[in-house]
Amino acid sequence: MRDTIDGALLARMLIHAAAAINSQKQHINELNVFPVPDGDTGTNMSLTIGTAATELKKKPAGTVGEVASTNASALLRGARGNSGVILSLLFRGFAKAVKEKETIDGRDLAIALDFGVAAAYKAVMKPAEGTILTVSRLSAAQAAATAREDATPEVVLEAAIREGHVALDDTINQNPVLKKAGVVDAGGKGFLVILQGMLDELRGLPMPETEDEGAVKEKADFAALSEEEITFAFDTVFIVRKTNRHVDLTPYQAYLNSIGDSLVIGEDDDAFKVHVHTNTPGDALNEAQKYGVLELAKIENMRTQAEDLAAGKHVQSTDDLDAVEAELEQGCSSAPAKAAPEKKYGVVAVCAGEGLAAVFADLGADGIISGGQTMNPSTDDIMREIDKTPAEIVFVLPNNGNIIMAAQQCIPLAEDKKVVVLPTKTVPQGISALLSMDPDAGEEENIAAMTEAFGRVATSEITYAARDSDFDGFAIKQGDYLALAEHQLFGTDRDLDALLERLAQAEPQQNAEFISIFYGSDVTEEDAQRALSIFQSACPNAEVNLLSGGQPVYYYMISAE
């Protein structure tokens, strides 16, 4: 066993740790339910320490202090999500403890772990037990106790990991959200994977290359967690370059606490990084600019991510932006030509499926963008269609709550035409808005009429369960049909016709004058006609229409107006 760790070895330990968590990130994602069920803790922690590993590979190893400083600085700027920011804080404290050290022994290692815990607890405004904080605190305490008896780094780190696993197993009893989902804390698990990677390098073990697909893994029941448990929708992370390195961030912390939760702020002399869950990310960013210059920002809608996870769908996030950008660059070697205005109004709509695209085209939409749940177009995608629209004023219909902000970014980008984003959250809302546009009316009159029209629309969906779960008292089995009303669970049944009948009898449909049923590509024409008959019989006062949606991500979508 080695008695000390030098800079070169510490760098290899951290690089090994990055490889370790990268190999297990999906397993950690599937445990992720607290503070919100967004399923990205493993990815966030992996990308965070992966940034540091990349930086460490570029630079020749110096002293332990220099390596730890490089690692901490890279982690701060590369931190993603709550777990990533806390991880960066743990290593920031670690770096401060070994700042002047050329090498460290087990006692120094224990002290550095303790410094990291102190930094993390100080930065997290409302520390919660049963999380990565608990696991790291108890691990560090055991490291200190062990170092007093044996200062060998390997022995100290092994003891920290052993106690950490005891603490991790207990997180399910400390946190009611974890207990409900039947899993341990994802962040705590990720932290121990990182420590184990460091220990494996210390022992000379080879780095993992790919995830072990054969391993038996725990998996959180995301569908057991109600969307109502997500108080603040937007996971907001950004970096601000300080204009004054001595700036006091206390007032800003208080402000962020007033508009959100899960607040973590990490800082060094030149910059600070913020992680907060809020419903008003724009306010958080605007207020931050009083303290410096905004450099980078990431905003993700956790409610839609949670819905996708509950439905067993792929969750698209800002991590997909590189692939989207590459695709755009490949498909567009030169900037598209901008269409000169030939009329007063134009419309750009977002929807999924050829059938829905045909509906919007038939109603007069100038530009149609493929997108929706789990497939959110970028601002560039939307802007490209706006540029191609030959109108003075272009109405944009996002038709999904997670696309509205991207659409709104187009407003200041449009140079030769005015862009008006109507915040439609469903395809039926977009169709209703488009039907209400009058080419001869004034701009404000049209905005009022279209807004009033989509506000009258109630949207329901029917899909099916991807796995067994218990959702808000509903015992759901794989293959059960699920009915959602305005994205909230309405009911479940093994009998599709029975569920359609119950949905038809609900108040929005009973009070509607017009009902449109859009059906997906996996619905047979016979089944679709049967659904039409059910609604026609149950809603005799409404005009009921049946339309093929082509390839949408749902089974049935019912619009009542």
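**Helical core and strand sheets of a predicted model**

Reader: Which residues touch the most other members of the largest nonpolar core?

Author: L10, F94, I194 and M198 do, in a core of 68 residues. A nonpolar core is a set of buried Ala, Val, Leu, Ile, Met, Phe, Trp, Tyr and Cys residues joined through side-chain atoms within 4.5 Å. Buried stands for under 20% relative accessible area, exposed for over 50% and partly exposed for values in between, with a 1.4 Å probe and protein chains only.

Reader: Which elements give two or more residues to this core?

Author: They are α1 (7-29), α2 (41-58), α3 (64-78), α4 (81-97), α5 (106-123), α6 (132-147), α7 (153-174) and α9 (186-202). The largest share, 11 residues, comes from α1. Helices (H or I, at least four residues) and strands (E, at least two) are DSSP runs, numbered from the N terminus.

Reader: Before we go on, what kind of model is this?

Author: This is a predicted model, in which local features need pLDDT of at least 70 and side-chain atom pairs count only at pLDDT 80 or more, while totals for chains, interfaces and linings use all residues. Residues are numbered from 1 along each chain as its sequence is written, and side-chain values use heavy atoms, with hydrogens and water left out.

Reader: Back to F94: what is it in contact with, leaving aside neighbours within four places in sequence?

Author: F94 is in contact with L10, A68, I104, L109, A112, L113, F115 and G116. Contact means heavy atoms within 4.5 Å. Apart from this core lies another, of 26 residues, among them A504, A531, Y556 and I558.

Reader: Where is A186?

Author: A186 is in helix α9 and is buried, with a relative accessible area of 3%. Its C-alpha atom is separated by 9.1 Å from that of L168, 18 residues apart along the chain.

Reader: Changing topic: in what order do the six strands of the open sheet run?

Author: The order is β15-β14-β11-β18-β16-β17, with mixed pairing. β15 (488-493) and β17 (543-548) stand at the edges with a single partner strand each, so one side of each has no neighbour in the sheet. Neighbouring strands are turned by 20 degrees against each other on average, direction ignored. Two strands pair if DSSP finds at least two bridges between them. Axes are lines fitted to C-alpha atoms, for helices over the stretch in contact, and angles run from 0 to 180 degrees between N-to-C directions.

Reader: How many bridges pair β14 with β15?

Author: Strand β14 (481-485) and β15 pair over five bridges in the antiparallel sense.

Reader: In helix α19, which residues are buried?

Author: In α19 (496-504), L496, L499, L500, L503 and A504 are buried. They are on the same side of α19 because they cover an arc of only 140 degrees around the axis, the arc being that of the directions from the helix axis to the C-beta atoms. These buried residues pack against β11, β14, β15, α20 (507-510), α21 (525-538) and β18.

Reader: What caps the N-terminal end of α19?

Author: D495 does, with a side-chain oxygen 3.0 Å from the backbone nitrogen of D497.

Reader: What about the open sheet of four strands, in which order does it run?

Author: That order is β4-β5-β3-β6, and the pairing is antiparallel. β4 (260-267) and β6 (292-301) are at the edges, each with a single partner strand, so one side of each lacks a neighbour in the sheet. The twist averages 15 degrees from one strand to the next.

Reader: Which helix lies across β3, β5 and β6?

Author: α11 does, running at about 10 degrees to β3. In α11 (281-288), P281, A284, L285, E287 and A288 are buried. The buried residues of α11 fall within an arc of 165 degrees, so they line one face of the helix.

Reader: Last one: how many residues of strand β9 are buried?

Author: Six of the seven residues of β9 (391-397) are buried, so this strand is largely enclosed by the rest of the structure. Six bridges join β9 to β7 (343-351) and four join it to β10 (418-421).

Key: A polar contact is a pair of N or O atoms within 3.5 Å; within protein, one must be able to donate a hydrogen and the other to accept it, and residues adjacent in sequence count only if both atoms are side-chain atoms.
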